[in-house]
Amino acid sequence: MSLSGFAQLIASTVIFLLAATGAKYWALAPSIPKLLLTLALYSLGNLIMLRLVREFGMASAFSLSAVIQLVAVNVIALAFFGEKLSLVQSGGIVLAIVAVGLITLGPAAGGQ
């Protein structure tokens, strides 16, 4: 992964985390400005993802982004919004991280 690609991945992740936080704030107290900000952030994050798809391919770009966001969004939900996860939900998150890791590493391990 190039330095530029890594920077774009970090930028899209930060933007998606801001968008997810905006979505939570909108859910708590809906308003048009919160909705517009959330939509703008998701749109900007997806525009950056388009560049990553071109550079790294769809499977790698979306898989890396998904696992990073999965962990980060859950940290935000648990730490800042006080959400709780059941044991089954926690297990699902762990399995999702493993699954995305296998998707990301699969081509390298399988020689493709």
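Helix α2, which spans residues 32-56, is made up of 25 residues and reaches 36 Å from its first C-alpha to its last, close to the 36 Å expected at 1.5 Å a residue. The description given here rests on a predicted model. In that model the buried residues of α2 are T38, L41, G45, I48, M49 and L52, and what covers them includes helix α1 together with helix α3 (58-79). The residue that follows α2 is G57, for which phi is positive, near 95 degrees.

The setting for this helix is a protein chain whose secondary structure comes to four helices and zero strands, arranged along the sequence in the pattern α-α-α-α. Taken along the principal axes, the C-alpha atoms of the protein chain fill a box of roughly 50 × 35 × 20 Å. The protein chain has 112 residues, of which 25% count as buried. When contacts between residues at least 6 apart in sequence are considered, 67% of them join residues at least 24 apart.

The pairing of α1 with α2 was examined through the axes of the two helices, which come within 8 Å and cross at roughly 155 degrees. Because angles over 145 degrees count as roughly antiparallel, α1 and α2 are placed in that class relative to each other. Their crossing is left-handed, and the contact of α1 with α2 has, by class, 18 nonpolar, seven polar and three charged residues.

Within this pairing, S12 gives a view from the side of α1, the helix of residues 3-28 in which S12 is found. S12 has a relative accessibility of 0% and therefore counts as buried.

L52, in turn, gives a view from the side of helix α2, where L52 has its place. With a relative accessible area of 1%, L52 is buried. Not counting residues up to four places away in sequence, the residues touched by L52 are G5, Q8, L9, S12, G57 and A61; among them, S12 is found in α1, G57 is the residue that follows α2, and A61 is one of the buried residues of α3. The C-alpha atoms of L52 and T13, which are 39 residues apart along the chain, are separated by 12 Å, while F6 and L52, which are 46 residues apart in sequence, are 9.2 Å apart in space, C-alpha to C-alpha. F6 itself lies in helix α1 and, with a relative accessible area of 44%, is partly exposed.

Helix α3 has 22 residues and reaches 31 Å from its first C-alpha to its last, close to the 32 Å expected at 1.5 Å a residue. The buried residues in α3 include A61, S63, S65, V67, Q69, A72, N74, I76 and A77. Helices α2 and α3 pack at an angle of about 130 degrees, with their axes 7 Å apart, an angle that makes α2 oblique to α3. The crossing of α2 and α3 is right-handed. On the α2 side the contact is made by M49, L52, V53 and F56, and on the α3 side by M58, S60, A61, F62 and S65. By class, the residues of this contact divide into seven nonpolar, two polar and no charged.

Helix α3 also packs with α1, at an angle of about 40 degrees and with the axes 10 Å apart, and the two helices are therefore oblique to each other. The crossing of α1 and α3 is right-handed. The contact is made by L9, T13, F16, L17, A20 and T21 of α1 and by L64, S65, I68, Q69, A72, V73 and I76 of α3. Sorted by class, the contact of α1 with α3 has nine nonpolar, four polar and no charged residues.

Definitions and conventions. Residues numbered from 1 in each chain as written. Predicted model: local features only at pLDDT ≥ 70, side-chain atom pairs only at ≥ 80, totals over all residues. Heavy atoms only, no water. Buried < 20%, exposed > 50% of the residue type's maximum accessible area, 1.4 Å probe, protein only. Expected span 1.5 Å × (residues − 1). Contact = heavy atoms within 4.5 Å. Axes fitted to C-alpha atoms, helices over the stretch in contact; angles between N-to-C directions. Parallel < 35°, antiparallel > 145°, perpendicular 65-115°, else oblique. Left-handed = near helix turned anticlockwise from the far one by under 90°. Nonpolar A, V, L, I, M, F, W, Y, C, P; charged D, E, K, R; others polar.
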